[in-house]
Amino acid sequence: MRKFVIFLLLFSVVSLSFSDDADARRKRRSRRAKKQKIINEKKLYERVGGEKGVALIVDEWLRISLADQRIAPAFAKVTEQPERLAKMRKGMNDQLCEIADGPCQYKGKDMVKAHAGLNVSDDQFLIFSEGLFKSMDKRDLPEREKNEMLARLGELRAEVVDGEASGE
Ligand code: HEM
């Protein structure tokens with residue numbers, strides 16, 4: 001009889017601790033699901049700070065790119081002409097806003113035509129993309145948002161890199 005009582009006690013302690021674990025796991029799962037839902041419901045545009053956030057990212061992205069001697073020479077003509085630079089900044093802003101599912105629509109020059117004759121290489125494209133990453137990093141954006149934005153920018157590669165769009 002004593003053995004049976006001890007067994008019963010042990011059984012209830014073990015099953016209690018198991019149900020506790022299951023409960024905690026269920027709560028953790030539900031918290032994660034809620035968090036996931038919030039992230040999924042928000043557009044990337046909102047997650048990077050909306051209109052203001054995108055403008056700040058673009059400002060720094062452009063600053064980094066124009067200061068990077070590996071690609072700065074490619075922008076020489078643009079930096080010499082303020083109105084051309086302003087047009088490019090606005091275009092980059094609208095592009096970034098659009099790919100992040102924001103309310104903008106890029107209405108500038110067709111991207112293939114805008115980069116035609118510039119002979120943009122894969123390396124230049126990577127360096128330019130790196131500038132965007134650094135800019136977002138400076139704003140302490142989470143890895144998830146930085147990677148998502150970079151992946152979306154990558155989709156524009158074929159329109160920018162020489163020969164890609166025409167399939168050469
Ligand atoms: C996905 C990456 C890129 C995006 C989103 C982008 C975006 C733009 C936009 C919006 C413009 C202005 C087009 C217009 O005139 O309305 C532009 C122009 C230009 N881009 Fe890009 N660009 C990218 C990659 C690059 C790279 C890698 C380079 C060179 C390293 C480059 C060099 C230039 C230059 C020199 C112009 C000025 C063309 C001109 O005014 O004649 N771009 N770019």
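Analyst: Happy to! Helix H3 (residues 50-67) packs against helix H7 (residues 122-138) at an angle of about 130°, and their axes are 8 Å apart. Keep in mind that this is a predicted model.

User: What do we call H3 and H7 with an angle like that, and which hand does the crossing have?

Analyst: H3 and H7 are therefore oblique to each other. The crossing in which H3 passes H7 is right-handed.

User: Which residues meet there?

Analyst: From H3 you have Ile 57, Glu 60, Trp 61, Ile 64 and Ser 65. On the H7 side they meet Phe 128, Gly 131, Leu 132, Lys 134, Ser 135, Met 136 and Lys 138. Sorted by class, this contact of H3 with H7 has 6 nonpolar, 3 polar and 3 charged residues.

User: Nice. Switching to the ligand, which residues come nearest?

Analyst: There are 22 residues around the ligand, and Gly 91, Gly 108, Lys 109, Ala 114 and Phe 128 come nearest. The elements giving two or more residues to this shell are helix H5 (82-99), helix H6 (111-115) and H7.

User: Which of them gives the most?

Analyst: That is H5, with 6 residues in the shell around the ligand.

User: And how does the shell divide into nonpolar, polar and charged?

Analyst: The shell around the ligand has 14 nonpolar residues, 5 polar ones and 3 charged ones.

User: Let's zoom out. How many helices and strands does the chain have?

Analyst: The chain has 9 helices and 0 strands. Reading from the N terminus, the order is α-α-α-α-α-α-α-α-α.

User: How much of the chain is buried?

Analyst: Of its 168 residues, 17% count as buried. As for contacts in the chain with a separation of 6 or more, 66% are between residues 24 or more positions apart.

User: Why does Asp 101 count as partly exposed?

Analyst: Because Asp 101 has 14 C-beta neighbours inside 10 Å, and a residue counts as buried at 20 or more and as exposed at 12 or fewer.

User: And Asp 140, is that buried or exposed?

Analyst: Asp 140 is exposed, because 6 other C-beta atoms lie within 10 Å. Asp 140 sits in the loop between H7 and helix H8 (143-154). Its phi is positive too, about 60°, although Asp 140 is not a glycine.

Technical notes. Residues numbered from 1 in each chain as written. Predicted model: local features only at pLDDT ≥ 70, side-chain atom pairs only at ≥ 80, totals over all residues. Axes fitted to C-alpha atoms, helices over the stretch in contact; angles between N-to-C directions. Helix = DSSP H or I, 4+ residues; strand = E, 2+ residues; numbered from the N terminus. Parallel < 35°, antiparallel > 145°, perpendicular 65-115°, else oblique. Left-handed = near helix turned anticlockwise from the far one by under 90°. Contact = placed C-beta atoms within 7 Å. Nonpolar A, V, L, I, M, F, W, Y, C, P; charged D, E, K, R; others polar. Near = placed C-beta within 6 Å.
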